[in-house]
Amino acid sequence: MYCLLLYPSLGLTSSTQTPLQELLVFHAEPQWLEDVRELQRYVQSELNVRDIVFTSDEASAGVKYRAVADWAVLGRKLRKDLGRVKNALPSVSSDAVRSYVETGKLTVDGIELVVGDLAVQRYIELPEQAPGASAGGAQHATNTDNEVVVRLDVTVHPELQTEYLAREYINRVQKLRKRAGLQATDDVDVFHAFEAGSGDDVRAAVAAFTDVIEKTVRSVPRDVSERGEGRKVLAEEEQEIADVKFTLSLAWR
């Protein structure tokens, strides 16, 4: 359900290439959160987000309440007093609206409103940021359907981008190994070839995570120029990571 809150209202597309740090999902019912935890890995993949926080704690999530009215409907009930409510409603505090949810009553400028007079929205208020400011602070986007509230950290973290590229590289190697019919214990060498002037970020990620890549695919990736003549190539395919195209090949040791 909360995926629908993110597309396209937060300006996201599925399988976004920019890795993100955290998605917070709030719902008042803990059981609801437990049910949607089954979608966690799918959402992490679709949003390319590292962590998902599920919570029903309003205070820690920063959830607030506001009341909105169907003025056409309320106008028939209040008539000449409608203007008083319309002017005063934006100033009603979050705590007062929350109390309305619990008690079904809310007094606005001396006029008592009851269940059905107002709709209540849960939301997370984000701090204002000066236009164009990066300021090193976290950037967030948020949305709500009144019951579920989500807050996504959309800050660009260079270290996450590097980790993402390395993870994607491993994924490409593993899939190529599988298509080549290799077993997990088969040792082959991994080579890549990038067009001149491209692939610097991917190569840097491979270098930064060499130990992880070697442990996972049982090889330290190298440039195809190091493959040498006479090596038996098991598989060779064109790959693409973050719009960078390159050739990946496997060769017997």
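This is a predicted model: local features need pLDDT of at least 70, side-chain atom pairs count only at pLDDT 80 or more; totals for chains, interfaces and linings use all residues.

Residues are numbered from 1 along each chain as its sequence is written, and side-chain values use heavy atoms, with hydrogens and water left out.

**Exercise 1.** Find the mean pLDDT of the protein chain.

- pLDDT is the predictor's confidence in each residue, from 0 to 100.
- The mean for the protein chain comes to 88, and 89% of its residues reach 70 or more.
- Over residues 130–135, though, pLDDT stays under 50.

**Exercise 2.** Work out how helix H8 and helix H9 pack.

- Helices here are DSSP runs (H or I, at least four residues), and strands are runs of E (at least two), numbered from the N terminus.
- H8 covers residues 158–179 and H9 covers residues 200–208; their axes are 8 Å apart, at an angle of about 85 degrees.
- Angles of 65 to 115 degrees count as roughly perpendicular, so H8 and H9 are roughly perpendicular to each other.

**Exercise 3.** Is Asp117 buried or exposed, and what does its side chain join?

- Start with the place: Asp117 sits in the loop between strand E5 (111–114) and strand E6 (119–124).
- Its relative accessible area is 13%, so Asp117 is buried (under 20%, while exposed means over 50%, with a 1.4 Å probe and protein chains only).
- The Asp117 side chain is joined to that of Lys77 by a polar contact of 2.5 Å (a pair of N or O atoms within 3.5 Å, one able to donate a hydrogen and the other to accept it).
- A polar atom of the Asp117 side chain also lies 2.8 Å from the backbone nitrogen of Val114.

Methods
Contact means heavy atoms within 4.5 Å. Axes are lines fitted to C-alpha atoms, for helices over the stretch in contact, and angles run from 0 to 180 degrees between N-to-C directions. Angles under 35 degrees count as roughly parallel, over 145 as roughly antiparallel, 65 to 115 as roughly perpendicular and the rest as oblique.
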